[in-house]
Every structure is written in structure tokens, then in C-alpha cells.
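Please look through the sequence and the model shown below.

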Amino acid sequence: MTDEELMDIAIEEARAAAEHGDVPIGAVVAYDGTVIARRHNERELTGDPTAHAEILALRDAAAVRGGWRLDGCTLVVTLEPCVMCAGALVNSRIDRVVFGAADPKAGGTSSLYGVGTDPRLNHNFALQHGVHEDQCATLLTDYFAALR
């Protein structure tokens, strides 16, 4: 599957998050072009501050792979990962991260910090951004506009 096709799935997941009152962020983990995990934010649903789409997708992908090392995998997410999620991505040894919309207030991979590409860390991942950027950003702006 292409990054665009994977992002389409992540966008479906983001819409599912909004249906239960969570910020619409979706994530997909792919291995050899096949989706092995797909999740969305569940912080409000579960009351768990770590229930970000990326963290949940990484947990599911590790279960599918049978271990915590996700080398050979790509994470596709609708919003730039925060610092917590970026740290989890480094620790999972993921190969690539693809995101749609940048997060100038909390972005941990390029907007505010370079977690994942900092050569001082014990693992780095390739980073691609801007895939379906407008569509991903619109999901968020529409969600927050409806709250106001």
C-alpha cells in the first residue's frame, strides 16, 4: 500500500475517535505494505492519558509481531506525533514515520523537537510529512470549531 492509501485508513480511524468525543487522530502501522495495526485516540473514552493513537497502534503491532521491536514497520498518523509518542517510536525501533498535519504547538518530530532524527539518540527513523495534510488538518479544525 502507498503512504496515501495508508493515510486514508488513518483518516478513517481519526473520524472514529471523534465519534466518541476524542480528538480525531488516527494511526496505522504497516509491515511489508500490509496493515498490521490501526487505532485512534481513546484518551476521553478510557480516561488514559497515554491512549494516543500512535501508542495504541504500536502496542497492537507489537502483539502482532510477537515482540517490541518494530523494525521494518512504518507508522502513518494524521497529526505529527507528540514528544511522548515520538519517544515510543524511537523505543519501538520503527523504520519510518509518515504524518499528515504538522503540530506547531506539540510536535515532537519536527515542529518543536526532532525526536526520531536526533543523532544523539540510540535509534532514528525516516520521517515523511504532508501526506493528505489539508484533509488531516481540516479534521482537527472542524472538530475544535464544533466544540466552541
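Arg 39 and Glu 42 are both buried (under 20% relative accessible area, with exposed meaning over 50% and partly exposed in between, for a 1.4 Å probe and protein chains only). The two residues form a salt bridge, with their closest N and O atoms 3.4 Å apart; the term stands for a side-chain nitrogen of Lys or Arg within 4 Å of a carboxyl oxygen of Asp or Glu. Arg 39 also meets the side chain of Asp 60 in a salt bridge, at 2.7 Å from N to O. This second pair links distant parts of the chain, since Asp 60 is in helix α3 (residues 53-65) and Arg 39 is in strand β2, 21 residues apart. Asp 60 is partly exposed, at a relative accessible area of 27%.

The model is a predicted one, in which local features need pLDDT of at least 70 and side-chain atom pairs count only at pLDDT 80 or more, while totals for chains, interfaces and linings use all residues. Residues are numbered from 1 along each chain as its sequence is written, and side-chain values use heavy atoms, with hydrogens and water left out.

How many salt bridges does the structure hold? There are six. One of them joins the side chains of Arg 38 and Glu 13, at 2.8 Å from N to O. Here, too, distant parts of the chain are linked: Arg 38 belongs to strand β2 (residues 34-40) and Glu 13 to helix α1 (residues 3-19), 25 residues apart. Helices (H or I, at least four residues) and strands (E, at least two) are DSSP runs, numbered from the N terminus. Arg 38 is partly exposed at 35% relative accessibility, whereas Glu 13 is buried at 11%. A network of salt bridges links these two residues and Glu 12.

Next comes the largest pocket. A pocket is an open set of points on a 1 Å grid over the protein atoms alone, where a 1.4 Å probe fits, with protein on both sides within 12 Å along at least five of seven lines; lining residues have an atom within 4 Å of a point. The largest pocket is lined by 17 residues, and those nearest its centre are Val 23, Ile 25, Leu 79, Asp 103 and Leu 140. Its lining consists of ten nonpolar, two polar and five charged residues.

Finally, Tyr 113 lies in the loop between β4 (96-101) and β5 (126-129). Tyr 113 is partly exposed, with 48% relative accessible area.

Technical notes. Nonpolar A, V, L, I, M, F, W, Y, C, P; charged D, E, K, R; others polar.
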